[in-house]
Amino acid sequence: MTRGIAGGPSPWRFCVAPMMDWTDRECRYFHRLLSRRARLYTEMITTGAVIHGDRQRLLGFSPEEHPLAVQLGGNDPRALAECARICEDFGYDEINLNVGCPSDRVQDGAFGACLMLRPQLVGECVAAMKNAVRAPVTVKCRIGVDDQDPEAALDAVAAAVVAAGVDALIVHARKAWLKGLSPRENREIPPLDYGRVYRLKQAHPRLPVILNGGVASIDAAKEHLRHVDGVMLGRAAYQNPGLLLQVDPELFGEPAPCADGREALERLAPYVERRMAEGLRLSQVTRHVLGLFPGQPGARAFRRHLATYATRPGAGVQVLRDAMAMVRPAVRAA
């Protein structure tokens, strides 16, 4: 097991990726019920939104979500330093800089994956953030963009952030194509190159390196952990959240916080009631639990019931409980 602070496991041994429109505070609270140990990340939040927007709405979270990182999008070292201070004051455990998103929005703002073309600026951003906060400052990047050579491109970014004192580097093991591919296609079409991430770790043995991209199971995560310090799952963790129940026992040698998905939903219900009293709609929580029972009898009825009734005006937590009652335990092989 990779060792981290005070001889314990690396803080980044298992992470759930920041995902736009998915990893909001409701999703994160639910995921925390499935794993005490997984490191959770917010959706990317731009520096402009943090500085000028409704901070409580953008940055608010429940104490139960710790350990929790905020991901920032931007390219101005001073603005990122200001945002890092704001986020640390909110109580985040880590400040992460997005150097991997290829969306039109980030291209228009010349941040995200565009920063792979400007490693010196990435280093300046990290240095400014490190000088502003005590919390760990990390970077999430690609192995390159467009026609860049992944060997040279990733080495340049790594050298710049290591010199700036970065605490960890999370690498999505694909290139990003800034022109010609949509964000969704950029998550699937560019080929994965895990070997490139392994070589980065070999070149920087003291730098915590976390691998992201295409990891679909805890067994696959274990294999990668032979070569790197941590693994970050994105869509697999969101679309099949039940696999998070394996994280604590399989990767940390500790019992899962819940016996199964049904218990997790029972523990989610009081949170749903509390958040609905604050104005949240039921569907804003239940949309994150739809993939919880893959292959179990009644799973389709569970999803259909939530999709049909959770969006209706006045829908309350009883809708969730009624949906749970439709799921029957999976039959175990003899």
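Asp 229 is buried at 9% relative accessibility, where buried means under 20% relative accessible area, exposed over 50%, and partly exposed in between, with a 1.4 Å probe and protein chains only. Its partner in a salt bridge is Lys 201, with 2.8 Å from N to O, a salt bridge being a side-chain nitrogen of Lys or Arg within 4 Å of a carboxyl oxygen of Asp or Glu. This is a predicted model, in which local features need pLDDT of at least 70 and side-chain atom pairs count only at pLDDT 80 or more, while totals for chains, interfaces and linings use all residues. Residues are numbered from 1 along each chain as its sequence is written, and side-chain values use heavy atoms, with hydrogens and water left out.

**Salt bridges**

- Side chains of opposite charge can pair when their charged atoms come close.
- By the rule above, the count comes to 14 salt bridges.
- In the pair Lys 201 and Asp 229, Lys 201 lies in helix H9 (residues 194-203) and Asp 229 in the loop between helix H10 (218-224) and strand S8 (230-233), so that parts 28 residues apart in sequence are tied together; helices (H or I, at least four residues) and strands (E, at least two) are DSSP runs, numbered from the N terminus.
- Lys 201, at 12% relative accessibility, also counts as buried.
- Asp 24 forms a salt bridge with Arg 287, the closest N and O atoms being 3.1 Å apart, and this pair links distant parts of the chain, 263 residues apart: Asp 24 is in the loop between strand S1 (14-16) and helix H1 (25-34), and Arg 287 in the loop between helix H14 (283-286) and helix H15 (299-309).
- Asp 24 is buried, with a relative accessible area of 15%, whereas Arg 287 is partly exposed at 34%.
- Glu 151, Asp 155, Arg 196 and Arg 199 are linked in a network of salt bridges.

**Backbone geometry**

- Most residues other than glycine have a negative phi, and most peptide bonds are trans.
- His 66 and Pro 67 are joined by a cis peptide bond, with omega about -5 degrees, and Pro 67 has its place in the loop between helix H3 (55-59) and strand S3 (68-73).
- Asp 21, a residue other than glycine, has a positive phi near 70 degrees; Asp 21 lies in the loop between S1 and H1 and is exposed, with a relative accessible area of 53%.
- Asp 146, although not a glycine, has a positive phi of about 50 degrees; Asp 146 is found in the loop between strand S5 (137-145) and H7 and counts as partly exposed at 22% relative accessibility.
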